[in-house]
Amino acid sequence: RGARRLQAHLVIGEDAISSVGRKRAWGEALALLRGMVSLQQDGVDAGCYSAAVKACARGTRWPLAIQLLGEMKLADVALHISGYNSVLGALARQGLT
């Protein structure tokens, strides 16, 4: 039962991060992720991190998106391929690829 509740919280968190990210509100997305990380003792899943990476990339905050990739590696969280694609797209839009 506890694992199901944790999973539900992660899904709700991912949805919230994705929602503000679609509005290019990268700061809000990052704040939501940071709040989740500080509250979750079992860690935050790849979906939540990926949503925040995408939000930062959409908001032209590619340095933050890259920083999140590093944080994911340290937390031993595997990133969805769409997160990598978001960072590469943001870099391309800035003429950095």
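I take contact to mean heavy atoms within 4.5 Å. I take helices (H or I, at least four residues) as DSSP runs, numbered from the N terminus. The model is predicted: local features need pLDDT of at least 70, side-chain atom pairs count only at pLDDT 80 or more, and totals for chains, interfaces and linings use all residues. Residues are numbered from 1 along each chain as its sequence is written, and side-chain values use heavy atoms, with hydrogens and water left out.

**Entry 1: helix α5.** I looked up the span of α5, residues 81-93. Its 13 residues reach 18 Å from first C-alpha to last, close to the 18 Å expected at 1.5 Å a residue (1.5 Å times one less than the number of residues). Next I listed the buried residues of α5, which are Gly83, Ser86, Val87, Ala90 and Leu91 (buried is under 20% relative accessible area, exposed over 50%, with a 1.4 Å probe and protein chains only). They lie on the same side of α5, because they cover an arc of only 130° around the axis, taken from the directions from the helix axis to the C-beta atoms. I found that these buried residues pack against α3 and α4 (62-74). The face turned away from the buried side carries exposed Ile81 and Arg93. Just after α5, I noted a positive phi of about 75° at Gly95.

**Entry 2: Ser50.** I located Ser50 in helix α3, residues 46-58. Ser50 counts as buried because its relative accessibility is 1%. Leaving out residues up to four places away in sequence, I found that Ser50 touches Leu79 and His80. A polar atom of the Ser50 side chain lies 3.5 Å from the backbone nitrogen of His80.

How values were computed:
Helix = DSSP H or I, 4+ residues; strand = E, 2+ residues; numbered from the N terminus. Polar contact = N/O pair within 3.5 Å; in protein donor to acceptor, adjacent residues only side chain to side chain.
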